Amino acid sequence: AGGWARDGGCDWRLIAAIARHESRFNPKAQASSGARGLMQVMPATARLYKVSPERLFDPETSIRLANRILIDIYAALKLPASTSTKDKMSITLACYNGGIGHVTDARKLARKHGENDRSWPVVVKYLELLADPVYYGDAVVRHGRFRGSKETREFVEDVMRSYAEYCKKTS
């Protein structure tokens with residue numbers, strides 16, 4: 001089902017693509033931001049899921065938690081069935097990396113400006129605009145300025161590229 005398994009879990013190739021980007025498969029990776037483990041989950045996010053931040057260095061815990069986070073993000077987005085699989089995956093990955101709040105703000109701005117809020121190229125354009133006070137000061141924006149659009153765009157592009165390569169090799 002294009003990144004999402006029938007049992008509600010993520011395709012292992014998508015998880016592998018995220019782990020490759022986030023930690024280069026190093027279960028002991030720790031970012032200056034505080035993100036930890038294979039999947040680079042933030043300790044505060046782990047606590048929301050009742051997972052001790054120390055357990056983020058355990059590969060199985062990191063993978064299971066990232067899978068749960070991705071499923072929850074995807075469900076929260078409520079993207080219509082008519083949305084392409086690539087757009088669904090890209091927008092979900094952007095939320096994983098940059099936060100669902102900023103992505104939701106970008107989608108609200110897209111709708112306000114008459115654009116397709118289910119198109120990744122449109123959403124990333126508005127994520128980039130959220131660094132501009134004209135846009136992050138808009139009444140529909142709830143999460144303020146976003147300075148991480150370049151990192152989020154590169155994350156999505158890299159993960160999607162790796163995922164496509166893994167799919168070719170295992171199909």
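Modeller: Let us begin with a term: two residues are in contact when heavy atoms of theirs lie within 4.5 Å. Please keep in mind also that this is a predicted model.

Colleague: Which residues of H5 meet which residues of H6?

Modeller: On the side of H5 they are His-102, Val-103, Ala-106, Arg-107, Leu-109 and Ala-110, and they meet Val-122, Val-123, Tyr-126 and Leu-127 of H6. By class, this contact of H5 with H6 comprises 8 nonpolar residues, 1 polar and 1 charged.

Colleague: How is the arrangement of two such helices described?

Modeller: For two packed helices one gives the angle between their axes and the distance between the axes. Here helix H5 spans residues 100-112 and helix H6 spans residues 120-129; their axes come within 8 Å and cross at roughly 105°. Since angles of 65 to 115 degrees count as roughly perpendicular, H5 is roughly perpendicular to H6.

Colleague: At what angle do the axes of H4 and H8 cross?

Modeller: Helix H4, residues 85-98, and helix H8, residues 149-170, have axes that cross at roughly 130° and come within 9 Å. H4 is therefore oblique to H8. The crossing in which H4 passes H8 is right-handed.

Colleague: Which residues of H4 and H8 make the contact?

Modeller: H4 contributes Lys-86, Met-89, Ser-90, Leu-93, Ala-94, Tyr-96, Asn-97 and Gly-98, while H8 contributes Glu-151, Thr-152, Phe-155, Val-156, Val-159, Met-160 and Tyr-163. Sorted by class, the residues of this contact between H4 and H8 are 9 nonpolar, 4 polar and 2 charged.

Colleague: What is the handedness of the crossing of H1 and H4?

Modeller: The crossing of H1 and H4 is right-handed. Their axes come within 13 Å and cross at roughly 40°, so H1 and H4 are oblique to each other. In this pair, Leu-14, Ile-18 and Glu-22 of H1 meet Met-89, Leu-93 and Tyr-96 of H4. The contact of H1 with H4 has 5 nonpolar residues, no polar ones and 1 charged.

Colleague: Is Lys-50 buried or exposed?

Modeller: The cut-off to apply is that exposed means over 50% relative accessible area. Lys-50 counts as exposed because its relative accessibility is 76%. Lys-78 is exposed as well, with a relative accessible area of 69%.

Colleague: Where does Arg-24 lie?

Modeller: Arg-24 lies in the loop between helix H1 (12-23) and helix H2 (43-48). With 53% relative accessibility, Arg-24 counts as exposed. Apart from its neighbours within four places in sequence, Arg-24 is in contact with Ala-19 and Asp-158.

Colleague: Finally, how many disulfides does a search of the whole structure find?

Modeller: The search finds 0 disulfides. A disulfide requires two cysteine sulfur atoms within 2.5 Å. The cysteine sulfur closest to that of Cys-10 belongs to Cys-167 and is 12 Å away, which is too far for a bond. Cys-167 is accordingly in no disulfide.

Colleague: Is Cys-10 buried or exposed?

Modeller: Cys-10 is buried, with a relative accessible area of 10%. Cys-10 lies in the segment before H1.

Key
Residues are numbered from 1 along each chain as its sequence is written. This is a predicted model: local features need pLDDT of at least 70, side-chain atom pairs count only at pLDDT 80 or more; totals for chains, interfaces and linings use all residues. Side-chain values use heavy atoms; hydrogens and water are left out. Buried means under 20% relative accessible area, exposed over 50%, partly exposed in between (1.4 Å probe, protein chains only). Axes are lines fitted to C-alpha atoms, for helices over the stretch in contact, and angles run from 0 to 180 degrees between N-to-C directions. Helices (H or I, at least four residues) and strands (E, at least two) are DSSP runs, numbered from the N terminus. Angles under 35 degrees count as roughly parallel, over 145 as roughly antiparallel, 65 to 115 as roughly perpendicular and the rest as oblique. A crossing is left-handed if the near helix is turned anticlockwise from the far one by less than a right angle, and right-handed if clockwise. Ala, Val, Leu, Ile, Met, Phe, Trp, Tyr, Cys and Pro count as nonpolar, Asp, Glu, Lys and Arg as charged, and the others, Gly among them, as polar.
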